[in-house]
Amino acid sequence: MQGSSDQQAENISDSDSLGTPEKRLILAAALIQGLALYTLKFFTAVDGWSPVWQYLCYTIAIAIPPLVIVTVAPRLARGYWWLIAGYAVVLALLAGYRGYQCTPADQVYCGNPHEFVPAIAIATFVVAFLLRACSTGAARLQQPQYPALFHFSWDNALTIGLTLVFTGTFWLILFLWQALFKLVGVDFFHELFRKDWFCYPVTWLAAGSGAILFRSQQSFVLTLKRLLRTMLVALLPLLAVLTIVFLATLPFTGLQPIWDTGRGSALLLWLVALLLFFTNGVVQDDFPFARYPRWINRVLLLALIVAPFYTAFALYGLWLRVAQYGWTPERLWGFVVALTLALLATSYSLSILRRGAHWSEWLRRINTGLALWVLAVCLITQSPLVNFWRISAGSQLARLQDGRAELADFDFFFLREKLGRPGLEALRAAKAFPAIQQNADVTSHIDALLAQPDAIWELRKNPLQTQAEIQKLREIEVIPAGSSLPADFSNQRFSESCQLPERQCVWLAKDLDRDGNSEFLLFSYRSRSEQQHFLQVVAFARSDGHWRQIGVNNRSTDEDFDALKRRLAAGETETRAPRWPALYLGDELLLDPTQ
């Protein structure tokens with residue numbers, strides 16, 4: 001059966017070999033992409049465009065040329081270019097809508113599109129192998145067969161990975177080139193290789209050449225796929241044993257330690273994702289796991305049967321976080337990933353329980369459905385149908401309005417920084433809440449956020465939280481007795497660490513520069529073991545009317561905290577002039593040996 005699977009792949013590859021017209025088209029697409037991205041990034045007129053047009057142009061320039069590069073082939077179906085055009089229209093609509101969520105540009109802050117780009121990249125990858133499977137070597141579009149889908153998904157992934165390696169190696173050679181010529185005093189290549197107008201087209205031409213190379217050498221790609229499959233075959237039993245043993249341990253440890261880490265759901269999902277990925281890499285024929293001994297075969301099947309428990313635990317953990325803190329885009333994406341893995345793991349488990357050794361007969365339909373599901377999720381989540389920004393903004397506002405979130409704990413900066421236009425609208429709506437209107441500090445904070453077109457880091461803290469943290473700093477003991485922090489001291493950076501149970505803190509008032517005014521030093525103490533402790537000392541001084549941090553020192557000590565406090569209270573500290581003073585030229589500092 002192994003031979004039949006590989007033979008099918010070789011037959012598909014032979015019918016997909018590139019000719020001269022296809023190679024020229026790949027190079028043209030790569031060059032067009034490089035020039036388009038250079039134009040969008042470095043032409044000043046683009047900065048004045050609406051975000052709608054910026055998102056639209058960037059999305060088409062980034063997604064469509066690679067789609068053509070990895071899918072173009074001889075004897076394409078007549079509907080191939082119509083599908084490319086249709087997908088480009090869909091991307092343009094989605095990108096335009098996403099750009100609209102960043103308007104008006106002078107009021108809305110969107111940051112980097114770190115959610116939009118991966119979603120479109122995954123959708124384009126799925127479209128690529130679906131397109132190759134239904135349009136390659138046929139007169140008209142046909143329903144894609146599972147062997148072709150499996151082959152092209154792996155082929156595209158390996159081709160993309162190898163192309164990236166090829167392009168990186170190409171630039172390493174250019175770096176060596178310019179460095180060698182610079183050694184002999186020729187700076188021409190050093191300057192040339194740093195020019196943006198050179199880097200963009202040359203980089204994409206190199207990537208296009210790499211794609212041609214690896215798409216033309218299908219025997220090499222197939223060999224690499226066999227090597228990867230051999231690795232997966234060897235490691236899958238270990239992963240299956242981990243899945244079973246860890247699940248058997250949970251009745252004795254409980255689930256609470258998983259939730260206490262803050263990343264337990266993610267680790268559980270990674271385990272399931274790797275198990276399913278390794279399984280799909282191994283199973284390519286009608287008799288999965290036949291290459292293993294019978295007892296290993298049963299272990300693998302048992303691991304797949306119990307995998308849905310992990311996704312259930314992950315969904316439960318995620319739901320606990322949502323119930324406590326509400327929805328955010330990250331939690332919504334976590335829910336989508338967990339739900340996808342849960343559906344896939346449950347489908348595998350049910351097929352094994354119902355079909356036994358012949359469960360792989362359902363594998364083709366399950367995996368094909370998975371590809372369509374992933375494609376639909378990636379596109380719909382970027383559309384008005386499921387706007388994660390709008391859902392998150394509504395969830396956070398609802399928690400504030402019904403009292404589930406305390407006013408002092410609410411993160412107004414999150415609305416402004418993370419949720420684009422819906423976040424801005426939610427911030428304006430929150431300002432009308434009676435509880436906010438009655439609090440002048442919070443109202444001023446919201447006004448300051450609304451007045452800033454970009455997220456300002458200084459406004460990240462809720463003013464009520466800032467006041468509470470300053471108060472916590474004031475509650476820390478100050479040595480010598482009778483001393484206290486100045487009324488205008490407002491640096492709350494270290495208050496959170498001093499509230500940790502493993503931390504102990506104390507203030508020391510000391511005139512470090514002998515000008516008659518005290519500076520303040522915060523001693524933060526943490527035990528590493530019974531014999532070794534960690535001590536951090538941070539000094540603050542008044543400068544230009546504000547208290548600023550002027551120095552910090554970290555060291556290990558074998559002295560316990562109570563002994564340290566006694567020595568500080570006894571006045572054993574003293575100031576000493578440095579052995580090596582600073583060197584000045586006029587008022588210009590030339591050298592400070594203490595730094």
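**The second largest pocket and its surroundings**

Modeller: In this predicted model, six helices each supply at least two residues of the lining of the second largest pocket: H2 (20-42), H3 (44-47), H4 (51-71), H6 (116-135), H7 (146-183) and H9 (196-216). Of these, H4 gives the largest share, 11 residues. The lining as a whole has 42 residues, and the volume of the pocket is about 1200 Å³. Nearest the centre of the pocket lie Gln33, Tyr58, Ile62, Ala63 and Val117. By class, the lining is made up of 30 nonpolar, 11 polar and 1 charged residues.

Searching the whole structure for cavities of 30 Å³ or more gives 2. The largest cavity holds about 110 Å³ of space. Helix H5 (80-100) and helix H16 (388-401) each contribute at least two residues to the lining of this largest cavity. The residues that line the largest cavity are Tyr97, Arg98, Gln101, Glu115, Trp333, Thr381, Gln382, Ser383, Val386, Asn387, Phe388 and Trp389. They divide into 5 nonpolar, 5 polar and 2 charged.

The second largest cavity has about 30 Å³ of space. Its lining consists of Arg98, Cys110, Asn112, His114, Glu115, Glu330, Trp389 and Lys418. Here the classes are 2 nonpolar, 2 polar and 4 charged.

Two packed helices are described by the angle between their axes and the distance between the axes. For helix H12 (residues 264-282) and helix H14 (residues 329-355), the axes come within 10 Å and cross at roughly 45°. This angle makes H12 oblique to H14. The crossing in which H12 passes H14 is left-handed. On the H12 side, the residues that meet H14 are Leu269, Val272, Ala273, Leu276, Thr279 and Asn280. On the H14 side, their counterparts are Gly334, Ala338, Leu341, Leu344, Ala345 and Tyr348. The residues of this contact comprise 9 nonpolar, 3 polar and no charged.

Definitions and conventions:
Residues numbered from 1 in each chain as written. Predicted model: local features only at pLDDT ≥ 70, side-chain atom pairs only at ≥ 80, totals over all residues. Heavy atoms only, no water. 1 Å grid on protein atoms, 1.4 Å probe; cavity = no way out; pocket = protein on both sides within 12 Å on 5 of 7 lines; lining within 4 Å. Points joined across faces, edges and corners; volume = space filled by probe spheres on them. Helix = DSSP H or I, 4+ residues; strand = E, 2+ residues; numbered from the N terminus. Nonpolar A, V, L, I, M, F, W, Y, C, P; charged D, E, K, R; others polar. Axes fitted to C-alpha atoms, helices over the stretch in contact; angles between N-to-C directions. Parallel < 35°, antiparallel > 145°, perpendicular 65-115°, else oblique. Left-handed = near helix turned anticlockwise from the far one by under 90°. Contact = heavy atoms within 4.5 Å.
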